[in-house]
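Here is a short report for a reader meeting this structure for the first time. Please keep the sequence and the model in view while reading.

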Amino acid sequence: MTLEEWVTAVCAELAVSEPDTSIVLDLARDVAHAVGRPAAPLTSLIVGLAAHSAADLPEVIARVRGLLPEPTEA
């Protein structure tokens with residue numbers, strides 16, 4: 001099963017709109033690198049709870065991105 005097939009199946013089962021997976025995965029990656037790997041799935045869950053629909057995701061993700069610490073230079 002592909003990622004796209006999985007997302008389609010889960011969204012159909014839960015009767016929700018399919019999200020733009022790229023913005024969700026990008027946020028998870030950035031959170032994992034800036035905060036820590038365990039923060040990625042937890043942040044994704046919290047973002048999902050805060051968004052009332054897939055259409056709300058860009059705004060919710062933008063707000064969460066604003067909380068990420070700035071990268072430090074080595």
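The chain has four helices and zero strands. Read along the sequence, its pattern is α-α-α-α. Helices (H or I, at least four residues) and strands (E, at least two) are DSSP runs, numbered from the N terminus. The model is predicted: local features need pLDDT of at least 70, side-chain atom pairs count only at pLDDT 80 or more, and totals for chains, interfaces and linings use all residues. Residues are numbered from 1 along each chain as its sequence is written, and side-chain values use heavy atoms, with hydrogens and water left out.

**Overall dimensions and burial**

The C-alpha trace spans about 45 × 25 × 15 Å along its principal axes. The chain holds 74 residues, and 22% of them are buried. Buried means under 20% relative accessible area, exposed means over 50%, and partly exposed lies in between (1.4 Å probe, protein chains only).

**How the helices cross**

Two helix pairs are described here. Helix α3 covers residues 39–50, and α3 takes part in a crossing with α2 and in a crossing with α4. The axes of α2 and α3 come within 8 Å and cross at roughly 135 degrees. Axes are lines fitted to C-alpha atoms, for helices over the stretch in contact, and angles run from 0 to 180 degrees between N-to-C directions. α2 and α3 are therefore oblique to each other. Angles under 35 degrees count as roughly parallel, over 145 as roughly antiparallel, 65 to 115 as roughly perpendicular and the rest as oblique. The crossing of α2 and α3 is right-handed. A crossing is right-handed if the near helix is turned clockwise from the far one by less than a right angle, and left-handed if anticlockwise.

α3 also packs against α4, at an angle of about 135 degrees and with the axes 9 Å apart. That makes α3 oblique to α4. α3 passes α4 in a right-handed crossing.

**Salt bridges**

How many salt bridges are there? The count comes to three. A salt bridge is a side-chain nitrogen of Lys or Arg within 4 Å of a carboxyl oxygen of Asp or Glu.

| Salt bridge | N to O distance |
|---|---|
| Asp-26 and Arg-29 | 3.3 Å |
| Asp-30 and Arg-29 | 3.0 Å |
| Arg-65 and Asp-30 | 2.6 Å |

Asp-26 and Arg-29 both sit in helix α2 (residues 21–34). They are three residues apart, so about one helical turn separates them. Asp-26 is partly exposed at 30% relative accessibility. Arg-29 is partly exposed too, at 42%.

Arg-29 also forms a salt bridge with Asp-30. Asp-30 in turn meets Arg-65 in a salt bridge. Arg-65 lies in helix α4 (residues 57–65) and Asp-30 in helix α2, so this pair ties together parts that are 35 residues apart in sequence. Arg-65 is partly exposed, with a relative accessible area of 32%. Through shared partners, the salt bridges join Asp-26, Arg-29, Asp-30 and Arg-65 into one network.

**A nonpolar surface patch**

Which residues form the nonpolar patch on the surface? They are Met-1, Leu-3, Trp-6 and Leu-25. Together they have about 500 Å² of accessible area. Accessible areas come from the Shrake-Rupley method with a 1.4 Å probe; for residues, only the protein chains shown count as cover. Patches are made of residues with over 30% relative accessible area and no salt bridge: like charges are joined within 9 Å, nonpolar side chains (Val, Leu, Ile, Met, Phe, Trp, Tyr) within 5 Å. Trp-6 lies in helix α1 (residues 3–14).

**The loop between α1 and α2**

Ala-15 belongs to this loop. Its phi is positive, about 55 degrees, although Ala-15 is not a glycine. Ala-15 is exposed, with a relative accessible area of 71%.

Ser-17 is found in the loop between α1 and α2. Is Ser-17 buried or exposed? Ser-17 counts as exposed, at 51% relative accessibility. The C-alpha atoms of Ser-17 and Met-1 are separated by 19 Å, and the two residues are 16 residues apart along the chain.

Asp-20 is in the loop between α1 and α2 as well. Asp-20 counts as partly exposed, at 42% relative accessibility. Asp-20 and Ala-55 are 35 residues apart along the chain, with their C-alpha atoms separated by 8.9 Å.
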